[in-house]
Amino acid sequence: MAKMIGMIGTSHIPAIGRAVDQGLENTPYWVDFFAGYKPMREFLQAQKPDIAVLFYNDHGLSMFLDKKPTFAIGAAAQYENADEGWGINPIPALTGETELSWHIINHLIENDFDPTVCQEIKVDHGATVPMSVLWPNHSYQRIKVIPVAINCERHPMPKPSRSYAFGKAIGDAIRSWNSEEKVVVLGTGGLSHQLDGERAGYLNTDFDRMCMDQLVTDPEALCQYTNDDLTRIAGAQGVELAMWLAARGCFSGPVKEVERRLVAPISNTAAGLQLLLPA
Amino acid sequence: MADSSTPHGTYKFDGAMATLGYNLNRMCFTFNEAAGREAFLQDEAAYCDKFGLNEVQKEAILKRDIITLLRNGGSIYYLAKFAGVLGLNVQDLGGIMTGQTTAEFQAYLDSQKVGKPNG
């Protein structure tokens with residue numbers, strides 16, 4: 001039985017990667033944001049998870065509109081990354097965990113989820129920024145990663161309730177995997193923000209706080225929202241709540257909140273950070 | 001009944017928009033690669049033609065008119081790559097779309113500040 005040690009919800013915006021590269025963590029703009037990562041890094045260093053199941057969305061590096069998966073899961077031995085066109089520094093490749101990937105894929109399809117399976121895929125900042133910031137100086141190289149992508153770009157995209165249920169099925173799969181490995185689940189992206197249109201720059205940190213409350217106590221309440229609701233209430237890219245819901249869905253029972261931070265603005269977003277442990 | 005209205009200043013990127021903007025987004029997708037970026041900068045109009053952008057989209061690319069690109073099927077994910085080619089970041093882009101300077105757009109973001117006692 002693999003052991004699920006906890007969930008970290010984190011932003012994944014490119015500006016964080018650049019701040020790390022440029023050593024800006026202690027500058028006034030960034031210091032409050034990065035202070036939140038200290039307990040996260042300590043938790044990871046103490047618990048030493050073997051595997052990270054990482055929910056992210058591809059922003060047009062590998063999953064173009066020509067063949068765009070609604071849900072996708074990596075089943076590769078290694079995941080490369082790239083500069084994405086606007087110059088984010090590539091980082092050393094992530095190491096995969098194919099045995100657990102296939103175990104999850106088999107379980108998902110048996111349980112009526114039909115994701116796209118990716119045996120070769122480049123991951124973008126949605127995956128690399130969380131790895132860089134949680135394991136500084138590329139110290140993630142002993143962690144095996146399973147990237148799981150949810151379409152957050154083109155409507156229709158999975159309903160929040162569906163992303164939650166998808167995560168629930170992945171959690172069941174991890175728990176049924178015959179192994180002693182320790183697994184941490186990462187829900188990335190969000191929280192409220194809107195990049196596009198005359199409404200760009202819109203944030204809703206009251207809603208973000210409520211979401212972080214509900215992720216602890218009543219995640220199913222968040223499943224009542226539609227993606228149109230989230231667009232209206234949390235901005236067009238507020239739909240990235242999907243990855244936090246999927247990550248939370250991996251935990252079947254109650255959780256306790258150990259750390260939380262909400263910092264805005266970080267680039268054009270409200271950046272959430274949350275550590276939840278099985279209660 | 002669920003409220004499916006789209007807020008003002010928001011361009012829902014759905015099937016119809018993805019159809020309208022396919023060639024535009026396909027062009028911007030090539031900016032993932034240095035070769036695509038260089039070819040575009042060498043002759044922007046010719047590069048637009050190569051990908052079959054319509055006249056409205058092509059003119060908007062040449063004029064850096066991001067709102068018109070959004071209205072004509074541009075996905076912000078690929079328009080961000082276009083901005084990258086131009087050396088603009090997402091705050092610059094926010095300023096352009098909201099008719100403000102980058103500093104004014106940043107000030108709007110800062111007016112929503114939480115959790116930053118030091119910044």
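1. The structure is a predicted model, in which local features need pLDDT of at least 70 and side-chain atom pairs count only at pLDDT 80 or more, while totals for chains, interfaces and linings use all residues. Residues are numbered from 1 along each chain as its sequence is written, with chains lettered from A and ligands numbered from 1 in the order in which they are written.

2. Chain B has 9 helices and 0 strands, where helices (H or I, at least four residues) and strands (E, at least two) are DSSP runs numbered from the N terminus. Read along the sequence, its pattern is α-α-α-α-α-α-α-α-α, and its C-alpha trace spans about 50 × 40 × 25 Å along the principal axes. Of its 119 residues, 38% count as buried; a residue is buried if 20 or more other C-beta atoms lie within 10 Å of its own, exposed if 12 or fewer, and partly exposed in between, with C-beta atoms placed from the backbone. Among the contacts in chain B with a separation of 6 or more, 53% come from residues 24 or more positions apart, a contact being a pair of residues whose C-beta atoms, placed from the backbone, lie within 7 Å.

3. Chain B is divided into domain 1 (15-87) and domain 2 (89-119), with bounds that come from an automatic or database domain assignment. The C-alpha centres of these two domains of chain B lie 25 Å apart, and the contact takes 5 residues from domain 1 and 5 residues from domain 2. On the side of domain 1 that touches domain 2, helix H6 (66-71) and helix H7 (76-85) of chain B each supply at least two residues. The residues of that side of domain 1 divide into 4 nonpolar, no polar and 1 charged, where Ala, Val, Leu, Ile, Met, Phe, Trp, Tyr, Cys and Pro count as nonpolar, Asp, Glu, Lys and Arg as charged, and the others, Gly among them, as polar.

4. Two packed helices are described by the angle between their axes and the distance between the axes. Helix H8 (residues 90-98) and helix H9 (residues 102-110) of chain B pack at an angle of about 100°, with their axes 8 Å apart; axes are lines fitted to C-alpha atoms, for helices over the stretch in contact, and angles run from 0 to 180 degrees between N-to-C directions. H8(B) and H9(B) are therefore roughly perpendicular to each other, since angles of 65 to 115 degrees count as roughly perpendicular, under 35 as roughly parallel, over 145 as roughly antiparallel and the rest as oblique. To this contact H8(B) brings B:Gln91, B:Asp92, B:Gly94, B:Gly95 and B:Thr98, and H9(B) brings B:Thr102, B:Glu104, B:Phe105 and B:Gln106. By class, these are 1 nonpolar, 6 polar and 2 charged residues.

5. The contact between the chains takes 46 residues from chain B and 40 residues from chain A. On the chain B side, helix H2 (22-29), H6, H7, H8 and H9 of chain B are the elements that give two or more residues, and H7(B) gives the most, with 7 residues. This side of chain B has 22 nonpolar, 16 polar and 8 charged residues.

6. The largest nonpolar core has 88 residues, and those with the most contacts inside it are A:Val53 and A:Leu54; such a core is a set of buried Ala, Val, Leu, Ile, Met, Phe, Trp, Tyr and Cys residues joined through C-beta atoms within 7 Å. Helix H10 (residues 241-249) of chain A gives the most to this core, with 7 residues. Apart from this core lies another, of 33 residues, among them B:Ala60, B:Ile61, B:Leu79 and B:Leu93. Not counting residues up to four places away in sequence, A:Val53 touches A:Ile146, A:Val148, A:Ile170, A:Ile174, A:Val183 and A:Val185.

7. Most residues other than glycine have a negative phi, and most peptide bonds are trans. A cis peptide bond joins A:His155 and A:Pro156, with omega about 0°, and A:Pro156 lies in the loop between strand E7 (144-150) and helix H6 (160-175) of chain A. Another cis peptide bond joins A:Ala264 and A:Pro265, with omega about -10°, and A:Pro265 lies in strand E9 (residues 255-266) of chain A.

8. A:Lys48, which is not a glycine, has a positive phi of about 45° and is found in the loop between helix H3 (37-47) and strand E2 (51-56) of chain A. A:Lys48 counts as exposed because it has 11 C-beta neighbours inside 10 Å.

Key: Two residues are in contact if their C-beta atoms, placed from the backbone, lie within 7 Å.
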